[in-house]
Amino acid sequence: MDSRNGDFNILLGTDSYKVTHYLQYPPNTSKVYSYFECREKRKEDIKSRKVQYDETVFYGLQYILKKYLAGKVVTKEKIQEAKEVYREHFQHDVFNESGWNYILEQHDGHLPIEIKAVPEGSVIPRGNVLFTVENTDPECYWLTNWVETSLVQTWYPISVATNSREQKKILAKYLMETAGNLNGLEYKLHDFGYRGVSSQETAGIGASSHLVNFKGTDTVAGITVIKKYYGTKDPVPGFSVPAAEHSTITAWGKDCEKDAFEHIMKKFSTVPVSIVSDSYDIYNACEKIWGEDLRHLIELRSPEAPLIIRPDSGNPLDTVLQVLEILGKKFPPTENSKGYKVLPPFLRIIQGDGVDINTLQEIVQGMKAHKWSTENITFGSGGALLQKMTRDLLNCSFKCSYVVTNGLGVNVFKDPVMDPNKRSKKGRLSLHCTPAGHYVTLEEGKGELEENGPDLLHTVFKNGKVIKAYTFDEVRENAQLKMSKCGELQ
């Protein structure tokens with residue numbers, strides 16, 4: 001399999017300081033072994049963050065391997081390009097031209113490294129190894145940490161998938177408490193983030209990460225990434241519905257808002273349709289236009305084709321509660337088996353403004369306090385879902401833990417006196433699951449002992465080839481919420 005991005009030059013795809021690192025390792029180094037983890041939480045993070053993110057969803061490595069590292073990624077042209085760039089960049093000849101020529105001549109431009117990783121979609125507690133990297137050719141000891149820059153960018157899909165899954169847990173909890181079932185859970189958080197991210201590629205990676213947990217998206221780029229780099233048994237992994245934006249309402253003029261609503265609703269009478277209703281006055285729209293003028297049309301709709309009213313301004317919790325109360329007076333709700341109010345099945349709302357993991361929690365909690373079931377609402381999230389995060393959210397880290405120098409293996413680590421949380425692991429690592437279901441990372445090669453059970457790290461990449469790939473269906477299955485012994489979804 002060849003790299004799917006012919007324009008990408010792996011020789012330029014690293015941090016500048018790594019260009020000189022081949023000269024810095026001890027003489028006669030023949031192996032460098034490094035690992036990636038989401039470090040355990042800092043004390044200050046525990047105090048400052050409402051959401052703790054105790055576990056992470058491992059996702060996105062396969063995309064990077066297939067797009068950037070697989071196949072013949074080293075060519076004469078790329079070596080020459082890098083040589084010229086680095087001569088100007090450093091104003092000095094420090095580029096390892098002979099090392100890259102060696103890879104081109106001895107490995108036909110394929111990267112002599114091996115990467116072992118947990119299965120994609122795995123939900124792993126923080127502080128455990130997620131993947132390891134080592135060179136397979138003694139001459140290429142310097143290559144292991146050269147690819148760190150590209151590989152650590154898995155922080156982004158891991159963070160999006162993890163944040164998305166935490167919101168799924170919140171929604172599942174309140175659905176169970178206020179409805180007694182999880183019907184429609186996979187459509188409760190819709191991706192509105194396409195325009196709010198930094199690039200087309202970010203949109204594709206981020207949206208696919210959210211789709212690990214949910215099935216609703218308006219970020220089409222995510223579907224493309226999944227189909228190309230993972231594949232699914234279904235034609236597409238994400239779905240949407242017809243929806244209005246402010247321009248399709250305001251284009252009719254302020255005095256014709258009712259006409260805009262009626263026109264759109266009639267155009268999409270047999271499928272769900274979402275209509276933004278706050279162009280002028282959301283409360284008047286709900287009470288007068290929807291609740292009186294167009295009430296007869298709404299009541300003709302089926303449960304499979306509901307009208308979904310979308311407020312898009314104001315305080316999220318206050319707006320949702322007021323909209324529910326107004327609609328509840330015009331369209332009398334029923335009481336479900338849990339004792340919570342549910343609007344008629346032909347009518348629902350979607351809150352798509354100001355939604356992040358904290359406001360989502362506040363809204364469903366507030367709805368419960370006012371005896372409204374989570375069945376009534378769907379959420380849309382944009383920048384907070386795909387963009388409002390950094391590598392520090394989960395403390396993603398790549399560190400060297402083992403080297404071979406002069407034929408001798410040495411366990412190495414860092415242990416900063418000013419930040420014990422940054423202490424790294426020692427030696428060759430393995431990941432195991434205890435009989436009680438707890439994950440444990442074993443250091444210093446101790447995972448080879450039989451009593452620890454199988455290592456959960458599997459070779460996914462070796463010498464330029466993707467050895468093991470996961471379908472998106474497998475990723476989703478691995479990331480599913482599971483019932484704990486105490487009856488909670490986790």
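Trainee: Is the crossing in which α7 passes α8 left-handed or right-handed?

Mentor: Keeping in mind that this is a predicted model, α7 passes α8 in a right-handed crossing. The axes of α7 (residues 155-178) and α8 (residues 200-210) come within 8 Å and cross at roughly 40°.

Trainee: Which residues of the two helices make that contact?

Mentor: On the α7 side they are Tyr156, Pro157, Val160, Ala161 and Ser164, while α8 brings Thr202, Ile205, Gly206, Ser209 and His210. Sorted by class, the contact has five nonpolar residues, five polar ones and no charged ones.

Trainee: OK, new topic: which residues touch the most other members in the largest nonpolar core?

Mentor: That core has 134 residues, and the ones that touch the most other members are Val74, Trp100, Ile115, Phe131, Leu151, Ile275 and Trp290. As background, nonpolar side chains tend to be buried together in soluble globular proteins.

Trainee: What does Ile275 touch, leaving out residues up to four places away in sequence?

Mentor: Its contacts include Ala244, Ile249, Phe261, Trp290 and Leu307, and Arg310 is also one of them.

Trainee: Where is Arg310, and what does UniProt say about that residue?

Mentor: Arg310 is found in strand β8, which covers residues 307-310. An unreviewed UniProt entry places a "binding site" feature at Arg195, His246 and Arg310, and the entry also places a feature with that name at Asp218, Arg310, Pro311, Asp312, Gly352, Asp353, Gly383 and Arg391.

Trainee: Are Arg310 and Arg195 buried or exposed?

Mentor: Arg310 counts as buried because its relative accessibility is 12%, under the cut-off of 20%. Arg195, which lies in the loop between β6 (189-191) and α8, is exposed, with a relative accessible area of 78%.

Trainee: And where does Asp353 sit, and what is it in contact with?

Mentor: Asp353 is found in the loop between β11 (347-351) and α15 (357-369), and it counts as partly exposed at 25% relative accessibility. Apart from its neighbours within four places in sequence, Asp353 is in contact with Asp312, Ser313, Gly314 and Pro316. Gly383, which is in helix α16 (residues 383-386), also counts as partly exposed, at 32% relative accessibility.

Trainee: Back to helices: what do the buried residues of α9 pack against?

Mentor: The buried residues of α9 (residues 220-229) are Ala221, Gly222, Ile223, Val225, Ile226 and Tyr229, and they pack against α2 (61-69), α8 and α17 (472-479). After α9 comes Gly231, whose phi is positive, near 85°.

Trainee: Which residues have a positive phi although they are not glycines?

Mentor: Tyr53 is one of them, with a phi of about 50°, and Asn406 is another, with a phi of about 55°. Tyr53 is in the loop between α1 (43-48) and β2 (55-57) and is buried, with a relative accessible area of 7%. Asn406, by contrast, is exposed, with a relative accessible area of 54%, and its place is in the loop between β13 (396-405) and β14 (408-411).

Technical notes:
Residues are numbered from 1 along each chain as its sequence is written. This is a predicted model: local features need pLDDT of at least 70, side-chain atom pairs count only at pLDDT 80 or more; totals for chains, interfaces and linings use all residues. Side-chain values use heavy atoms; hydrogens and water are left out. UniProt positions are given in the numbering used here, feature names are shortened, and annotations may be inferred rather than shown by experiment. Helices (H or I, at least four residues) and strands (E, at least two) are DSSP runs, numbered from the N terminus. Buried means under 20% relative accessible area, exposed over 50%, partly exposed in between (1.4 Å probe, protein chains only). Contact means heavy atoms within 4.5 Å. Axes are lines fitted to C-alpha atoms, for helices over the stretch in contact, and angles run from 0 to 180 degrees between N-to-C directions. A crossing is left-handed if the near helix is turned anticlockwise from the far one by less than a right angle, and right-handed if clockwise. Ala, Val, Leu, Ile, Met, Phe, Trp, Tyr, Cys and Pro count as nonpolar, Asp, Glu, Lys and Arg as charged, and the others, Gly among them, as polar. A nonpolar core is a set of buried Ala, Val, Leu, Ile, Met, Phe, Trp, Tyr and Cys residues joined through side-chain atoms within 4.5 Å.
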